[in-house]
Amino acid sequence: MAEHLRQLFRLSIALMALPFLAGCAIPAAADPAAAGGVELLDQRVLRREDGPLGIPVGGLSEIAVMAPVDDTGLGRFLAISDDRGEWGPPRALRLDIRFDLKSNRFRVFDRDWQWLVATAADEVTKPDVVDGEALRYDPFTERMIWSSEGWPQSRVPPGLYESTLDGELVRQLPLPAHFLPDAGKPQRRGIRPNKGIEGLDLSPDGRQITFLSEFALAQDQYPGRAVHRPILRVATYDRRTGREVAEHGYRLELQPDPQQPGMSGGTEINGAVSILMLGDGRYLVLERGFWFGYRLRVRLYLADPAEAEDLLAREAPLDADVVTAQKWLVSDLIGAGLPADNWEGMAFGPDLRDGRKTLILVSDDNFNQIFQSTIIAWIALPPLDSEAHRAKAP
């Protein structure tokens with residue numbers, strides 16, 4: 001969760017002390033014309049008291065499939081919390097969800113906590129602070145692969161980890177050197193504070209991890225450089241060898257758009273918060289941003305890296321003319337009817353009877369639940385055909 005949004009929501013708490021603001025919601029920028037055929041099927045709000053063991057539900061930053069939906073409509077999911085230890089140990093919320101494919105509704109059943117760092121293997125050091133952001137589950141090894149944004153103020157770097165279902169931290173995966181932040185002021189290299197790895201996914205066989213940070217690395221978008229659409233590095237990592245095997249660029253959209261009357265284009269307040277691989281090299285990216293005066297925007301993009309420039313051996317700052325993945329707008333999700341909230345995670349849900357693919361989305365309430373809620377939403381997607389989306393390319 002980016003720090004600018006944390007500050008916004010802290011400010012919201014203070015503002016809610018004013019009686020005339022009671023019942024306010026996050027202001028949003030909705031574009032129904034860009035909804036793109038996405039359909040909101042159903043949604044459920046989880047209350048803080050719905051958390052097991054007296055630990056409140058909150059801070060859910062990503063959702064992952066643990067057990068695919070079976071013939072009865074029952075599936076199991078994991079949602080990682082970005083709580084830094086204020087409410088409980090590092091954890092993910094395990095959810096059993098039953099889908100009714102006749103009515104296109106769902107119900108949340110059993111809930112339990114899945115510990116991420118209850119213990120650690122002898123050769124692994126527990127991080128001093130865990131700020132969980134991204135999460136996927138590998139059914140072949142029965143391990144959770146997850147990221148922590150770290151805590152720069154305490155000199156805790158971001159990281160990628162593997163844990164067993166018993167809560168044993170068994171591995172810290174080495175990040176490529178150019179992702180590691182330096183200690184300079186201003187920072188000149190690596191993942192920037194509060195803009196860590198918010199999106200990761202596994203190959204179908206679980207052997208590779210593809211991940212990206214929320215925003216451009218410091219060397220690719222540091223203060224004083226010309227402002228372009230920020231370029232994120234999408235890295236693919238081999239779990240067996242511990243080496244990066246591929247890397248390309250993905251361009252974020254500006255937020256707000258530069259052409260908005262009376263407003264200059266922004267970059268710092270838009271970010272990539274989740275990624276889902278499609279199995280053919282293409283992937284979905286969830287971009288979310290907030291700009292004071294322009295409001296919240298949540299959009300889903302389809303990306304194809306087939307013609308992107310190879311960045312594997314390129315640690316130097318990226319030029320504005322780097323050939324990045326092609327991308328197409330799938331949907332403005334707020335315009336499609338999704339509630340205006342801090343949406344941060346997505347996973348595939350069951351296919352519908354008419355063949356449409358679906359996504360399960362989760363929002364991060366930042367433990368305030370004044371302007372926000374913890375919401376599980378189910379949406380249906382249009383066909384993910386690159387040509388069909390070409391006309392909507394940014």
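The chain contains 2 helices and 21 strands, as seen in a model that is predicted. Of its 394 residues, 57% are buried, and among the contacts with a separation of 6 or more, 61% are made by residues 24 or more positions apart. The accessible surface of the chain comes to about 16300 Å², and carbon and sulfur atoms hold 51% of that area.

**A four-stranded sheet**

- An open sheet is built from 4 strands in the order β11-β12-β13-β14, and the pairing within this sheet is antiparallel.
- The edges of this sheet are formed by β11, which covers residues 197–202, and by β14, which covers residues 243–251, and each of these strands pairs on one side only.
- On average, and with direction ignored, neighbouring strands of this sheet are turned by 20 degrees against each other.
- Strand β13, made of residues 231–238, pairs with β14 in the antiparallel sense over 8 bridges, and Ile-231 stands opposite Arg-251 of β14.

- Asp-182 is placed in the loop between β10, which covers residues 168–173, and β11.
- The relative accessibility of Asp-182 is 27%, and Asp-182 is therefore counted as partly exposed, because that class lies between the limits of 20% for buried and 50% for exposed.
- When neighbours within four places in sequence are left aside, Asp-182 is in contact with Gln-187, Arg-188 and Arg-189.
- Two of these contacts can be described at the level of atoms: the side chain of Asp-182 reaches the backbone nitrogen of Arg-188 at 3.2 Å, and a polar atom of the side chain of Asp-182 lies 3.1 Å from the backbone nitrogen of Arg-189.
- Asp-182 and Arg-192 are separated by 10 residues in sequence, while the distance between their C-alpha atoms is 9.3 Å.

- Lys-185 and Pro-186 are joined by a cis peptide bond, with omega at about 5 degrees, and Pro-186 is located in the loop between β10 and β11.
- Asn-194 has a relative accessibility of 8% and so counts as buried.
- Asn-366 likewise has a positive phi, of about 55 degrees, although it is not a glycine, and Asn-366 is found in the loop between β20, residues 358–363, and β21, residues 374–380.
- Asn-366 counts as buried because its relative accessibility is 16%, where the limit for that class is under 20%.

**A buried glutamate**

- Glu-62 belongs to strand β2, which is made of residues 60–67.
- With a relative accessibility of 0%, Glu-62 counts as buried, and a polar contact of 2.8 Å joins its side chain to the side chain of Ser-274.

Conventions: Residues are numbered from 1 along each chain as its sequence is written. This is a predicted model: local features need pLDDT of at least 70, side-chain atom pairs count only at pLDDT 80 or more; totals for chains, interfaces and linings use all residues. Side-chain values use heavy atoms; hydrogens and water are left out. Buried means under 20% relative accessible area, exposed over 50%, partly exposed in between (1.4 Å probe, protein chains only). Contact means heavy atoms within 4.5 Å. Accessible areas come from the Shrake-Rupley method with a 1.4 Å probe; for residues, only the protein chains shown count as cover. Two strands pair if DSSP finds at least two bridges between them. Axes are lines fitted to C-alpha atoms, for helices over the stretch in contact, and angles run from 0 to 180 degrees between N-to-C directions. A polar contact is a pair of N or O atoms within 3.5 Å; within protein, one must be able to donate a hydrogen and the other to accept it, and residues adjacent in sequence count only if both atoms are side-chain atoms.
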